[in-house]
Amino acid sequence: MFDSGALLRQRFNALRSKAEVFSLRHVKQSHQALCVRRNVAEPPSFSQDEGAMLTVRVDGVEAYAATADLSQAGLQRALEQAEALARQIARHSLLDLRGQAVTSARHDHLSPNLDQAVPGIADCLGLLASESASVPRDSRLVDWLASLDISLVEQTYLNSAGAELRHAHRFLFPGLSVTASDGKDSQSRSLGLSNFGQQGGFEVIHRCGLIGAAPRIADQALQLLLAPNTPSGPRDLLLMPDQMMLQIHESIGHPLEMDRILGDERNYAGTSFVKASDFGHLRYGSDLLNVTFDPTLEQELASYSYDDDGTPASKQFLIRDGLLVRPLGGALSQLRSGLGGVANSRACGWNRAPIDRMANLNLEPGDRTLQQLIEGIEHGILMSNNRSWSIDDARNKFQFGCEWGQVIEDGELKGIVKNPNYRGISAQFWRNLTAVGDHSTFEVLGTPNCGKGEPNQVVRVGHASPACVFRQIDVFGGDA
C-alpha cells in the first residue's frame with residue numbers, strides 16, 4: 001500500500017501557488033466482480049481508476065480541479081486551474097472561508113487484516129461455484145447466483161500546512177440469491193448482495209455466512225412460494241437488522257444530511273422534512289432511539305480516521321434518547337448552518353468534490369434478546385431483508401417491502417408469510433419504537449451503492465443495528 005507515496009509527496013512539495021492554502025487528494029481504486037449463476041461462471045469484471053483533485057483557498061474562496069495526469073506538469077496545471085477559478089468566482093462568493101481550520105495532522109488508517117491476501121480469482125470462483133452447485137435440484141428453483149465483489153482503495157491527502165493523511169481500504173461484498181417459481185408466482189430469498197459489506201479480508205465472507213448457506217436459502221425461497229400472503233392491518237412489527245439498515249438509511253440518514261436540509265439536493269436527490277431549527281428540539285423517536293455516527297467499528301464500510309476534507313472523525317450521537325441533537329454535516333455545512341456536525345465530508349473518487357454523506361450510521365443496542373423481543377409481541381409480524389422501497393423526496397412518507405415474513409401470535413413465531421410490506425411516516429414510525437435488541441441481535445451491515453450529488457456520486461455506507469420492535473404499524477401483503 002501507498003506505493004506511490006514518496007513520489008507523490010515529492011511532486012506535491014514542488015508545486016507552486018499563490019493560494020493561502022492548497023491541498024491534493026490522490027485516489028487509486030481497483031475493483032473486481034465475480035459471479036457464478038446457475039453453476040456457470042459469468043465473465044469477471046475488472047476496473048482501475050487513479051487521479052488527483054487539487055483544491056485551493058484564495059481570499060477565503062475555495063475552488064478545485066481534478067486530473068488523471070499525475071506528472072509534475074499535470075498536477076501544476078490542475079492547481080493553476082483551481083486557483084484561476086477561485087479568483088473568477090470570488091466576486092460571487094457568499095462565504096468567507098479564511099477562518100476555516102486547516103489540518104496539519106499526519107496519520108495512516110488501514111482496513112483490518114489488509115496485510116493478509118484474499119484468495120485469487122480462480123479460488124474465489126471455485127468457492128462461488130461450489131456454493132452454486134449446492135442449490136438443490138428442484139424444477140421450481142429457476143434462478144440462483146453466488147457473487148463476490150472486492151474493492152481496494154488507496155487515498156492520500158496532502159496540504160500546504162504539512163498534513164499527510166493516508167487511508168487504505170479493502171471492501172468485500174459477498175452475496176447469494178435463489179428464486180423459486182411455480183408458473184404463477186415467483187419468490188426470491190437472498191443473503192448479502194446489496195445489504196452486506198465490510199472492510200477486511202477473507203474473514204468477511206465467513207462473517208456473512210455465505211459458505212454452506214445455499215441449501216437453506218433455496219429452501220426458504222420454496223417455503224415463500226407455498227406461503228400465504230401477509231395479512232393486512234395494524235400490528236406490531238419486528239424488523240431484523242438486514243431490514244433495519246434500510247429503515248435507518250432512508251428515514252434517518254438522508255433526512256439528517258445537512259446539505260439536503262439547506263436545499264442543495266432538491267433538484268436531484270430531494271430535500272428533508274427536518275429543518276435546521278429542529279436540532280435540539282425535535283422528538284424524532286421514542287426514548288429508546290439512540291443513533292450514532294460511528295467511524296470506529298473497524299470492519300464497518302465507512303470506518304476512517306479523517307474525512308476527505310481532513311476533519312478528524314469520532315463517534316457522535318445524532319439522536320439521543322429520541323431527541324434530535326446533531327446533523328450529518330461536514331465542515332462547510334457547519335459553517336453555513338451554525339450547527340455542529342460530524343466528519344462526513346466524503347467523495348466517491350478523485351474527480352468529485354467532497355459533500356455531506358452518510359458514513360457509518362448505527363442504531364445503538366438495547367437490552368432485549370431476540371426471544372424476549374418475540375415474547376413481548378401479542379399480535380405482530382417479523383420482517384427480514386428488504387426487496388423494495390419507496391420514500392418521498394423529503395424522506396418522510398415511506399413504503400417498504402421485505403423478502404421474508406413470519407407471523408407472531410401470543411409471543412411465539414408462527415407461520416411464514418410472503419410479500420410482507422409496511423408503511424409509515426418517518427418520525428411517527430420511530431416514535432413507535434417500543435423495544436430494542438441487545439448485542440446478541442446486533443449486526444454490522446452496509447451498502448455499496450448510496451447515490452447522491454450532481455454530478456452523481458455513489459459511495460459505500462455502513463449501518464449496524466439490532467433487531468427492533470415497532471408498535472401498531474400499517475402492514476399489508478401482496479394483494480393489498
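Tutor: Phe398, Phe400, Tyr422, Phe429, Trp430 and Phe470 are joined into a cluster by ring pairs. Rings of Phe, Tyr and Trp (its six-membered ring) pair if their centres lie within 6.5 Å; planes under 30 degrees apart count as stacked, over 60 as edge-to-face and the rest as tilted. This is a predicted model, where local features need pLDDT of at least 70, side-chain atom pairs count only at pLDDT 80 or more, and totals for chains, interfaces and linings use all residues. Residues are numbered from 1 along each chain as its sequence is written, and side-chain values use heavy atoms, with hydrogens and water left out.

The whole structure holds 10 aromatic pairs. One of them is Phe12 with Phe22, tilted, at 5.3 Å centre to centre and 45° between the planes. Phe12 belongs to helix α1 (residues 5-13) and Phe22 to strand β1 (residues 21-37), so this pair ties together parts 10 residues apart in sequence. Helices (H or I, at least four residues) and strands (E, at least two) are DSSP runs, numbered from the N terminus. Phe12 and Phe22 are buried, meaning under 20% relative accessible area with a 1.4 Å probe, protein chains only; exposed is over 50%, partly exposed in between.

Phe400 and Tyr422 pair edge-to-face, 5.9 Å centre to centre, with 80° between the planes. Phe400 sits in strand β18 (residues 397-409) and Tyr422 in strand β20 (residues 421-425), so the pair ties together parts 22 residues apart in sequence. Phe400 and Tyr422 are both buried.
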